[in-house]
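Keep the sequence and structure in view while reading.

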Amino acid sequence: MFPPIEPHAAGHLPLGDGFFLYWEACGNPAGRPALVLHGGPGSGRSERARRWFDPARFNVILFDQRGAGRSTGPDDLSANTTPHLIGDIEALRRHLGVEDWLLLGGSWGATLALAYAQQHPGRVTGLVLHAVATTTRREIDWITRGVGRLFPREWARFAAGVPEAERGGCLATAYNRLLLHPDPAIHHQAARDWCDWEAAILDIGPGSAAQSRFDDADFRLRFARLVTHYWRHAAWLQEDQLLDGMATLAGIPGQLVHGRLDLGSPLVTAWQIHRAWPGSRLTVVEPAGHDSRDPGMAEAIAAAIAALAG
């Protein structure tokens, strides 16, 4: 990774309806534009992501998606959907005067990167995706239920966080209802239970660190509300929409980086995307998990970016 770097420009872009998107740019203002799409949804941008790019060669643009980080606006989840976020990316591109850019996305950010690129392929010069996910209902069922076979004690606590009558259905939907409950005792407990489950299954593999961000009660609530909102709607995408649309990206170079022990986003998704994407490259990091802070993952992501630097 490159040394820490501070933004050379930043601002809040008005999106309408009271929403303001926080963005920042780092590196060389005249360099190749690269856009970082954070995970979650709701995690917010990471300062570490700045350090994956050669600051002499790239103008690295990061932003907080609606409801996350320093972006501000109404607590209106109906105005926070994948189509809204794709529109926000285009608004930011136009605001910054960028013709096209390289996309970097991890986890949920990989879903958003693919959704944007398939809708606006002419604006994308390449993609680097890590901890690849496409937010299908199949993947959501795995991360909220199927992977519980490997964490039976933790999953039992997670399932017990919702009423018994709702445990056989979509757990993201059940939790989202609790997270939006007006009683603070109810919605804060639901946020704690949800984030405990996320930490249990994602902090796997050498170099993984405890999810200290979940110590902040306000962050827990915002994060859990957004994740469950997006997951209960399967990101407003048809099942396998992104996989079926990979032909749209033919001719656009792609680098996929995935940890062998990623239990939150099993390797099969990255493999399917790679096979459907002519010219893409898949790097499997042994024995990394979901966490990009893993030294092996960080090194592989930086190498993937360098491979597309041109």
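This is a predicted model: local features need pLDDT of at least 70, side-chain atom pairs count only at pLDDT 80 or more; totals for chains, interfaces and linings use all residues.

## Nonpolar cores

The largest nonpolar core has 68 residues. Those touching the most other members are Leu-35, Leu-103, Leu-127, Leu-129 and Trp-194.

A second, separate core holds 23 residues, including Leu-62, Leu-102, Leu-104 and Val-257.

## Ser-107

Ser-107 sits in the loop between strand E5 (101–106) and helix H3 (108–119). Is Ser-107 buried or exposed? Its relative accessibility is 18%, so Ser-107 counts as buried; the cut-off for buried is under 20%.

## Helix H10: one buried face

Helix H10 spans residues 267–276. Leu-267, Thr-269, Ala-270 and Ile-273 of H10 are buried. Viewed down the axis of H10, the buried residues fall within an arc of 160 degrees, so they line one face of the helix. An α-helix has 3.6 residues a turn, so residues three or four places apart point the same way.

What do the buried residues of H10 pack against? Their helix partners are H3, H4 (137–144) and H9 (241–244). Their strand partners are E7 (254–259) and E8 (281–285).

## Helix pair H2 and H3

Two packed helices are described by the angle between their axes and the distance between the axes. The axes of H2 (residues 82–96) and H3 come within 10 Å. They cross at roughly 70 degrees, which means H2 is roughly perpendicular to H3. The crossing is right-handed.

From H2, the contact uses Thr-82, Leu-85, Ile-86, Ile-89, Glu-90 and Arg-93. From H3, it uses Trp-108, Leu-112, Ala-115, Tyr-116 and Gln-119.

## Helix pair H6 and H8

The axes of H6 (residues 171–179) and H8 (residues 217–232) come within 8 Å. Their crossing angle is roughly 140 degrees, so H6 and H8 are oblique to each other. The crossing of H6 and H8 is left-handed.

H6 contributes Ala-172, Thr-173, Tyr-175, Asn-176 and Leu-179 to the contact. H8 contributes Leu-221, Ala-224, Arg-225, Thr-228, His-229, Trp-231 and Arg-232.

Terms used
Residues are numbered from 1 along each chain as its sequence is written. Side-chain values use heavy atoms; hydrogens and water are left out. A nonpolar core is a set of buried Ala, Val, Leu, Ile, Met, Phe, Trp, Tyr and Cys residues joined through side-chain atoms within 4.5 Å. Buried means under 20% relative accessible area, exposed over 50%, partly exposed in between (1.4 Å probe, protein chains only). Helices (H or I, at least four residues) and strands (E, at least two) are DSSP runs, numbered from the N terminus. The arc is that of the directions from the helix axis to the C-beta atoms. Contact means heavy atoms within 4.5 Å. Axes are lines fitted to C-alpha atoms, for helices over the stretch in contact, and angles run from 0 to 180 degrees between N-to-C directions. Angles under 35 degrees count as roughly parallel, over 145 as roughly antiparallel, 65 to 115 as roughly perpendicular and the rest as oblique. A crossing is left-handed if the near helix is turned anticlockwise from the far one by less than a right angle, and right-handed if clockwise.
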